[in-house]
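Okay, thanks for coming, everyone. Let me put the structure up, and then I'll walk you through a few bits of it.

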Amino acid sequence: MKFILDAHLPPSLREVFAKAGQEAMHTLDLPDQNASRDGALNRVSVMEQRVVVSKDTDFYYSHLLHGRPWKLVLVRTGNMGLKDTKALFERHLPAIITALSTCTLVEIDRQSVTVMV
């Protein structure tokens with residue numbers, strides 16, 4: 001599965017995805033880097049069938065109303081340090097991947113992964 005990590009998430013999180021055998025890029029990998037607009041991420045998501053991973057609820061509403069991004073992992077953890085963020089994704093990435101095989105919207109918080117749509 002391919003992912004794109006939004007600017008609010010640490011670029012080093014790509015390593016967690018790579019260790020799990022998943023392809024992940026960060027907004028820093030896009031031409032406008034962290035200044036990339038939501039529309040640009042949505043276009044990349046749809047064109048390359050990438051799952052957007054973001055804390056931004058604008059993606060949530062866009063996904064529900066317009067089907068963009070293609071798939072979404074909404075991160076609802078509040079502020080977390082780098083070590084805790086990496087540990088959270090290391091722990092929950094298998095469940096996220098499994099959920100995304102049958103749905104388009106997954107929410108992750110500090111304790112659990114919830115399938116939304």
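Predicted model: local features only at pLDDT ≥ 70, side-chain atom pairs only at ≥ 80, totals over all residues.

Residues are numbered from 1 along each chain as its sequence is written, and side-chain values use heavy atoms, with hydrogens and water left out.

Rings of Phe, Tyr and Trp (its six-membered ring) count as a pair if their centres lie within 6.5 Å; planes under 30 degrees apart are stacked, over 60 edge-to-face, and the rest tilted. By that rule we get three aromatic pairs. Take Phe3 and Phe17: ring centres 4.8 Å apart, planes at 55°, so that pair is tilted. Phe3 sits in strand β1 (residues 2-5) and Phe17 in helix α1, 14 residues apart. Helices here (H or I, at least four residues) and strands (E, at least two) are DSSP runs, numbered from the N terminus. Phe17 also pairs with Phe89, with centres 5.8 Å apart and planes at 40°, so that's tilted too. Phe89 is in helix α4, so this pair ties together parts that are 72 residues apart in sequence. Put together, Phe3, Phe17 and Phe89 form one aromatic cluster.

On to charges. Side chains of opposite charge can pair when their charged atoms come close. For a salt bridge we ask for a side-chain nitrogen of Lys or Arg within 4 Å of a carboxyl oxygen of Asp or Glu, and the structure holds five of them. One is Arg14 with Asp29, where the closest N and O atoms are 2.8 Å apart. Arg14 lies in helix α1 (residues 13-19) and Asp29 in the loop between β2 and α2, so the bridge ties together parts 15 residues apart in sequence.

Another is Glu15 with Lys86, at 3.3 Å from N to O. Lys86 is in helix α4 (residues 82-100), so here the parts being tied together are 71 residues apart.

Then there's Glu23 with Arg50, at 2.4 Å. That one links strand β2 to strand β3 (residues 50-54), 27 residues apart. Glu23 is partly exposed at 41%, whereas Arg50 is buried at 5%. Through shared partners, Glu23, Glu48 and Arg50 join into one network.

Now, what does the side chain of His26 reach? The backbone oxygen of Leu9, at 2.7 Å. His26 is in strand β2 (residues 23-26) and counts as buried, at 1% relative accessibility. Leaving out residues up to four places away in sequence, His26 touches several others (contact means heavy atoms within 4.5 Å), among them Pro10, Pro11, Arg14 and Asn34.

Last stop, the surface. Tyr61, Leu64, Leu65, Met116 and Val117 make a nonpolar patch of about 510 Å². Patches use residues with over 30% relative accessible area and no salt bridge, joining like charges within 9 Å and nonpolar side chains (Val, Leu, Ile, Met, Phe, Trp, Tyr) within 5 Å. Areas come from the Shrake-Rupley method with a 1.4 Å probe, and for residues only the protein chains shown count as cover. Leu64, from helix α3 (residues 57-66), is partly exposed at 42%.

Definitions and conventions:
Buried < 20%, exposed > 50% of the residue type's maximum accessible area, 1.4 Å probe, protein only. Polar contact = N/O pair within 3.5 Å; in protein donor to acceptor, adjacent residues only side chain to side chain.
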